[in-house]
Amino acid sequence: MLSLVFVRLRNSLVLLTLATLLCFALVVSAPGNIAVLIAELRTPKATFEQIQKIEVELGLNDPLLTRYGNWLAGAFEGDLGISYKTGEDIGPAMGGRLSTTAILVAGGACFAMILSFLLGFAGALWPGRFADSFSRGVALLGASMPSFFVGALLIYGLAVELRLFPTFGAEGLSSWVLPWITIGLLPAAVLSRVVRVGLEEAMSRPFTLTAAAKGLTRRSILFRHALPNIAPTYINALGAQSGAMVVGAIVVEPLFALKGVADLFLAGVLFRDFMVVQACLLVFISFFILLNLTVDIGMMFTDPKLRRQGS
């Protein structure tokens, strides 16, 4: 099993290296002169000597391989460059926004897990009854509505009309409820069907029939025997949906005025701030690689077939 973990780690490092090359190429291939843009931010009507000085400071005259190595070393130290729009260092601004995006995605994932297990388990516990039809309807409705539409409905119904929750900002736990529901509803709908179908399939296997013959109730069989068997499939699906929630944060954060990495990325795209886009892409890709690595290791621990393969 350790050999499989080492293989996954090696593959993740290779992917991360390729991702850094892609992010570096984004800025290098961007049109225009970076030194001119930064000089105009510092001093309007900058002279040619000032532009040349900035080129030397940034190492723009060095070979591409040297520039890539310097940028990569700076990125590991938190130096992600200077924003074209504000002229400030991106690293400190990024550090203050990472926690906002992390709280949004983590809360949405927890909401998706809780709701998916409730809906999926209720449908499997009472198949063909109202609970099963209700969970199927909620899953279909949740998977059919985009995040911006769900967020608009929640803001109008729960914030504007009923005034139960604030509509923007991150001022306490109540301000996170609507963003968590908005970003987690669609993943919850997808995961609930994974739970429902997985439990139904597990209940048709011989070991569950043996457990039923021993006198165990359906609830007990679902908890003790069927639920552990869907763990690898559920972990895989949860990883995919967590990645989708990071993409969904690009819509949810501006909708609720949350100052996270996704909001910074969107602002960088709108203002063509390539250094900001580069830094945000590096964070997103690193998260996806780390997420896939975590999912692979989690599936190894929960799937006996993968453990036997590794040994």
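**Close-up views of a predicted model**

View 1. Once its neighbours within four places in sequence are left aside, Asp263 is in contact with Arg97, Glu253, Pro254 and Leu258. The model shown here and in the views that follow is a predicted one. Asp263 itself has its place in helix α12, a helix that spans residues 261-270. With a relative accessible area of 14%, Asp263 counts as buried, because that class covers values under 20%.

View 2. When residues up to four places away in sequence are not counted, Leu104 touches Trp176, Pro179, Trp180, Ile183, Ala249, Val252, Glu253 and Leu258. For scale, Leu104 and Gly157 are 53 residues apart in sequence, and their C-alpha atoms are 21 Å apart in space.

**View 3. The packing of helix α11 against helix α13.** The axes of helix α11 (residues 231-255) and helix α13 come within 9 Å of each other and cross at roughly 170°. The two helices are therefore roughly antiparallel to each other, since angles over 145 degrees are placed in that class. On the α11 side the contact is formed by Ala231, Pro232, Ile235, Asn236, Gly239, Ser242, Gly243, Val246 and Val247, and these residues meet Phe284, Phe287, Phe288, Leu291, Val295, Gly298, Met299 and Thr302 of α13. By class, the residues of this contact divide into eleven nonpolar and six polar, with no charged residue.

**View 4. Asn292 in helix α13.** Asn292 has its place in helix α13, and at 46% relative accessibility this asparagine counts as partly exposed. The C-alpha atoms of Asn292 and Leu186 are separated by 20 Å, while the two residues stand 106 residues apart along the chain.

**View 5. The second largest pocket and its lining.** The second largest pocket holds about 380 Å³ of space. Its lining comprises 17 residues, of which Leu16, Thr20, Phe76, Leu282 and Ser286 are the closest to the centre of the pocket. The elements that contribute two or more residues to this lining are α1 (2-28), α4 (64-76) and α13 (274-302). In terms of residue class, the lining consists of 13 nonpolar and four polar residues, and no charged residue is found in it.

**View 6. The packing of helix α9 against helix α10.** Helix α9 (residues 206-213) and helix α10 (residues 218-229) pack at an angle of about 170°, with their axes 11 Å apart. That angle makes α9 roughly antiparallel to α10. The contact is made by Phe207, Thr208, Ala211 and Ala212 on the side of α9, and by Ile221, His225 and Asn229 on the side of α10. Sorted by class, this contact of α9 with α10 has four nonpolar residues, three polar residues and no charged ones.

**View 7. Arg163 and Leu164 in the loop between α7 and α8.** Arg163 lies in the loop that runs between α7 (147-161) and α8 (174-203), and Leu164 lies in the loop between these helices as well. Most residues other than glycine have a negative phi. Arg163, although not a glycine, has a positive phi of about 55°. Arg163 is exposed, with a relative accessible area of 71%, and Leu164 is likewise exposed, with a relative accessible area of 53%. Not counting residues up to four places away in sequence, Leu164 touches Leu158 and Ala159.

**View 8. Ala257 in the loop between α11 and α12.** Ala257 is found in the loop between α11 and α12, the latter helix covering residues 261-270. This alanine has a positive phi of about 55° although it is not a glycine. At 34% relative accessibility, Ala257 counts as partly exposed.

How values were computed:
Residues are numbered from 1 along each chain as its sequence is written. This is a predicted model: local features need pLDDT of at least 70, side-chain atom pairs count only at pLDDT 80 or more; totals for chains, interfaces and linings use all residues. Side-chain values use heavy atoms; hydrogens and water are left out. On a 1 Å grid over the protein atoms alone, a cavity is a set of points where a 1.4 Å probe fits but cannot get out, and a pocket is an open set with protein on both sides within 12 Å along at least five of seven lines; lining residues have an atom within 4 Å of a point. Grid points are joined across faces, edges and corners, and a volume is the space filled by probe spheres set on the points. Helices (H or I, at least four residues) and strands (E, at least two) are DSSP runs, numbered from the N terminus. Ala, Val, Leu, Ile, Met, Phe, Trp, Tyr, Cys and Pro count as nonpolar, Asp, Glu, Lys and Arg as charged, and the others, Gly among them, as polar. Axes are lines fitted to C-alpha atoms, for helices over the stretch in contact, and angles run from 0 to 180 degrees between N-to-C directions. Angles under 35 degrees count as roughly parallel, over 145 as roughly antiparallel, 65 to 115 as roughly perpendicular and the rest as oblique. Contact means heavy atoms within 4.5 Å. Buried means under 20% relative accessible area, exposed over 50%, partly exposed in between (1.4 Å probe, protein chains only).
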